[in-house]
Amino acid sequence: MEKFDTMTGVAAPFPIVNCDTDKIIPARFLKTLTRTGLGKSLFDAMRYDPKSREENPDFVLNKQAYRNAEILVAGENFGCGSSREHAPWALLDFGIRCVIAPSFADIFFNNSFKNGILLITLPQEEIDKLMQDAENGANARLTVDLQDQEITRPDGSKVSFEVDPFKKHCLLNGLDDIGLTMQKVEKIDKFEGKQKAATPWLYR
Amino acid sequence: MTKPRTLFDKIWEDHLIDVQDDGTCLIYIDRQLIHEITSAQAFDGLRMSKRRARRPEANICVPDHNVPTTPGRGGTDEIDDEESRVQLEVLEKNAMEFNLPYIPINDINQGIVHVIGPEQGFTQPGVTLVCGDSHTATHGAFGALAFGVGTSEVEHVLATQTLIQKPAKNMRITVNGRLPAGCTAKDLILAIIGKIGTAGGTGYVIEYAGPAIKDLSMEGRMTVCNMTIEAGARAGLVAPDEKTFEYLKGRPQSPKGGQWEQAVEYWKTLPSDPGSTYDEEVILDISEIVPQVTWGTSPQDEVGINDVVPDPNQVSDPMRRASMERSLEYMGLAAGTPMKDIIVDKVFVGSCTNSRIEDMRAAAAVAKGRKVASSVYAMVVPGSGHVKAQAEEEGLDKIFIEAGFDWREPGCSMCLAMNGDMLLPGERSASTSNRNFEGRQGPGGRTHLVSPPMAAAAAIAGHLTDVRDLTEE
Ligand code: SF4
């Protein structure tokens, strides 16, 4: 996993509430066997005309100012629905490394952090300000500093945010969860021994 | 005196391996279901880091999401679509390489992960069970802590048999009253989601309790727990009882011999202690509900069948109003239209929400002796090979076929429209599945979520209709 410490980038305004993972990446693109290459299908239904397959010029990420956006400022309950990790893979493959919203769905939340995407939860009034900034397009970049847990707005003012300390630690150091858990293998062995004695029918 | 514990607390504590200073927990995972869509990258990850599956026998691999449901379908090698065929072949290859139990496409045990887990007795009270699929909540009907995970977590479980988690908050939804005639578990859960909203359960595990839940069959409880994720909660739970034990007795993977009594004894200790407290409590009475139907593009967008499409102008919250307007535009519906006037093109009876034997029976009871409207294409997709066989033994397939329904092979099918069973742009369905998201059943497709009897009734009428008008004549 790539490390995340600090980044400065264009933020795209995406004020849709309950944006589900089917919207982020529709099921017909899930036949892939790899984690990469999904960026072109990100937000497919909104991004392309369903018949001609041409870009929809009104969709935010098709506008010149946002083609290289690295941050999304979104509406509440972003990422609800399916558990598909293809959703964060598609975001990452497009170049989005940070999403800021009033709330996120649980599974999407975990999936994103495991792929090095920082999700920031902020109260609606802070989101409104950042949404305003994002509306200004490429002229208005946001800087996200994970170490200091701060977003710097184009006018220099700062917005601080909360982040789970363990997730922060993993992101800052690009740590692989499995590697970390493997260090606890003795505890897992011990647990299994105990469980096997208490509920033997779970072991065949 | 020890503090009373909830069902969730008990399962959690029985699986806790380690707690870090920052509160992050390592919990043991007893069971994992694996399907073709969310696993290939996990197996790749294992290969790349030269890791093995820690407990192969704790998994079941089965193709379901992307299998053809064409009657008389052949094996994997007969699938026309190359990408789909390869995806299935890769699942089989991975299962062999990592030595995991695998069910092939034409085995009678094949079916949707959430239908076969309970069928096999793989799902049991008190276990932790995961799957790379958000509807894993289904298995909570047995008093198992079951939730959907992403592919990285599938890999994590394969390698370590554990997951890194934070404990969830407890919510109890107590459902009082009796389900009225014409209403099913599906109507009950749609009504609950309509009440608490699609994000209402975020961060919680929901325990369903109360007389109306006790009254439900295991199938009905599975339908309710299945859609828990549609309320934003990762897991739903129902306390195990005699019905649970009865369902599990004699299943292939259920405890055998003396271990059965030992297991039942343990299972009986699981229900929440009297006096348990919850972070959130919701109480509702369902005696007065009518069959439910969705009008929008979120499962919370539901009304009674005798209502009209709601008017965004009556809503004060500007965000909510905007999202309703967008939904109505996508759905091609005008505010004020009676729900009963909405014409449907396709009807889908199936999915892990409603493809069990009881659902088949309920839909067949409405279809019996009637005909599908000539303007409608209607399909019934049983949830597993066993459901299909049982339905055929009871003659339900004949009822469906005579009425003009297509009777198909098990799989996810038009629930997520990966395998070619799908809506065309602008087409409208009455569907027993769980998601009416934009494009879920095909790009530009429009979905109305309903119960199996309501779906059968819509197929016959050619439009959404109140099933009670058909059956109470
Ligand atoms: S039936 Fe639908 S919701 Fe259920 S597992 Fe399959 S795709 Fe997911």
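**Note on salt bridges, the A–B interface and helix packing**

1. In this predicted model, B:Arg234 and B:Glu153 form a salt bridge whose closest N and O atoms are 3.9 Å apart; the term denotes a side-chain nitrogen of Lys or Arg within 4 Å of a carboxyl oxygen of Asp or Glu. B:Arg234 sits in the loop between α8 (218–226) and β10 (235–237) of chain B and B:Glu153 in helix α5 of chain B, so the pair ties together parts that are 81 residues apart in sequence. Helices (H or I, at least four residues) and strands (E, at least two) are DSSP runs, numbered from the N terminus. Over all chains, the structure holds 38 salt bridges.

2. On conventions: residues are numbered from 1 along each chain as its sequence is written, and chains are lettered from A and ligands numbered from 1 in the order in which they are written. Local features need pLDDT of at least 70, side-chain atom pairs count only at pLDDT 80 or more, totals for chains, interfaces and linings use all residues, and side-chain values use heavy atoms, with hydrogens and water left out.

3. Chain A and chain B bury about 5,500 Å² between them, with 56% of it on carbon and sulfur atoms; buried area is the accessible area (1.4 Å probe) that two parts lose on being put together, summed over both. On the chain A side, A:Lys31, A:Leu33 and A:Trp201 lose the most area to chain B, together 15% of what that side buries. The contact (heavy atoms within 4.5 Å) takes 55 residues from chain A and 73 residues from chain B.

4. Ten salt bridges are found across the interface of chain A and chain B. B:Arg54 forms a salt bridge with A:Asp189, with the closest N and O atoms 2.6 Å apart.

5. In chain B, helix α2 (residues 40–48) and helix α5 (residues 151–160) pack at an angle of about 50 degrees, their axes 8 Å apart. Axes are lines fitted to C-alpha atoms, for helices over the stretch in contact, and angles run from 0 to 180 degrees between N-to-C directions. α2(B) and α5(B) are therefore oblique to each other; angles under 35 degrees count as roughly parallel, over 145 as roughly antiparallel, 65 to 115 as roughly perpendicular and the rest as oblique. B:Gln41, B:Ala42, B:Phe43, B:Gly45 and B:Leu46 of α2(B) meet B:Thr151, B:Val154, B:Glu155, B:Leu158 and B:Ala159 of α5(B). By class, this contact has six nonpolar, three polar and one charged residues. Ala, Val, Leu, Ile, Met, Phe, Trp, Tyr, Cys and Pro count as nonpolar, Asp, Glu, Lys and Arg as charged, and the others, Gly among them, as polar.

6. In chain A, helix α3 (residues 86–94) packs with helix α4 (residues 106–114) at an angle of about 45 degrees, and their axes are 8 Å apart. α3(A) and α4(A) are therefore oblique to each other. The α3(A) residues A:Ala87, A:Pro88 and A:Leu91 meet A:Phe108, A:Asn111 and A:Ser112 in α4(A). That contact divides into four nonpolar, two polar and no charged residues.

7. Helix α6 (residues 185–196) of chain B packs with α8(B) at an angle of about 25 degrees, with the axes 8 Å apart. That makes α6(B) roughly parallel to α8(B). B:Ala185, B:Lys186, B:Leu188 and B:Ile189 in α6(B) meet B:Gly220, B:Thr223 and B:Val224 in α8(B).
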